[in-house]
Amino acid sequence: MRDVNTFDDFYRSTSGRALRYGRAVADDAGDAQDLVQEAYARAWRQWGKLADHPAPEAWLRLVISRLATDRWRRLRGWRLAASRTGPPADVGPPGEDTVLLVGALRQLPARHRQALALHYLFDLSVEEIAREAGVPTGTVKSWLSRGRARLAELLPGVAAEELEVNDVA
């Protein structure tokens, strides 16, 4: 059985040293915090056995070291893959139309925005959206219609007819 008080005492007495050790083996403060947090989470899961261990702090350091090694191996694989493919191509800034559309979408109610995104970005039918949202198809039709109408108001030079799609049943 895990004893919260003894674990708390263990954590308080070792966390500073564990973090300094994590920083030494990870060479990055953020990574060190992640490693130490994971090590303490594992220690908590094993605390029933670990509390009786002759050197629980040594066990914690071993876990931190192994986690750091695993992380280094994974990153090495990513670096190797990146070196073979080269850096990703630069992505230019968004176009004016994109900025206007995103700004207009942010002004819509969340349900209207969700329905429009599912319909236009994922090509879902009204029936599929209704099933996913757990609402009647008429509700989805209403969301799409109201969302398009509001977008037409918010987007200069775009008529509501341009936003309509005939495949909405």
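Analyst: Let's begin with Phe 122, which counts as exposed because its relative accessible area is 59% (exposed means over 50%, buried under 20%, and partly exposed in between, with a 1.4 Å probe and protein chains only). The model is predicted, so local features need pLDDT of at least 70 and side-chain atom pairs pLDDT 80 or more, while totals for chains, interfaces and linings use all residues. Residues are numbered from 1 along each chain as its sequence is written, and side-chain values use heavy atoms, leaving out hydrogens and water.

Phe 122 sits in the loop that joins α6 (110-121) to α7 (126-133) (helices are DSSP runs of H or I with at least four residues, numbered from the N terminus). Together with Tyr 120 and Leu 121, Phe 122 makes a nonpolar surface patch of about 370 Å² (patch residues have over 30% relative accessible area and no salt bridge, with nonpolar side chains joined within 5 Å and like charges within 9 Å). The areas come from the Shrake-Rupley method with a 1.4 Å probe, and a salt bridge is a Lys or Arg side-chain nitrogen within 4 Å of an Asp or Glu carboxyl oxygen.

Phe 7 and Phe 10 are three residues apart in helix α1 (residues 4-26), which means about one helical turn separates them. Their ring centres are 6.3 Å apart and their planes meet at 50 degrees, so this pair is tilted (rings of Phe, Tyr and Trp, for Trp the six-membered one, pair if centres lie within 6.5 Å; planes under 30 degrees apart are stacked, over 60 edge-to-face, the rest tilted).

Phe 7 also pairs with Tyr 40: the centres are 6.5 Å apart and the planes at 85 degrees, so this pair is edge-to-face. It links distant parts of the chain, since Tyr 40 lies in helix α2 (residues 29-45), 33 residues from Phe 7 in helix α1. Tyr 40 is buried, as is Phe 7. Ring pairs join Phe 7, Phe 10, Tyr 11, Tyr 40, Trp 44 and Trp 47 into a cluster.

Methods. Helices (H or I, at least four residues) and strands (E, at least two) are DSSP runs, numbered from the N terminus.
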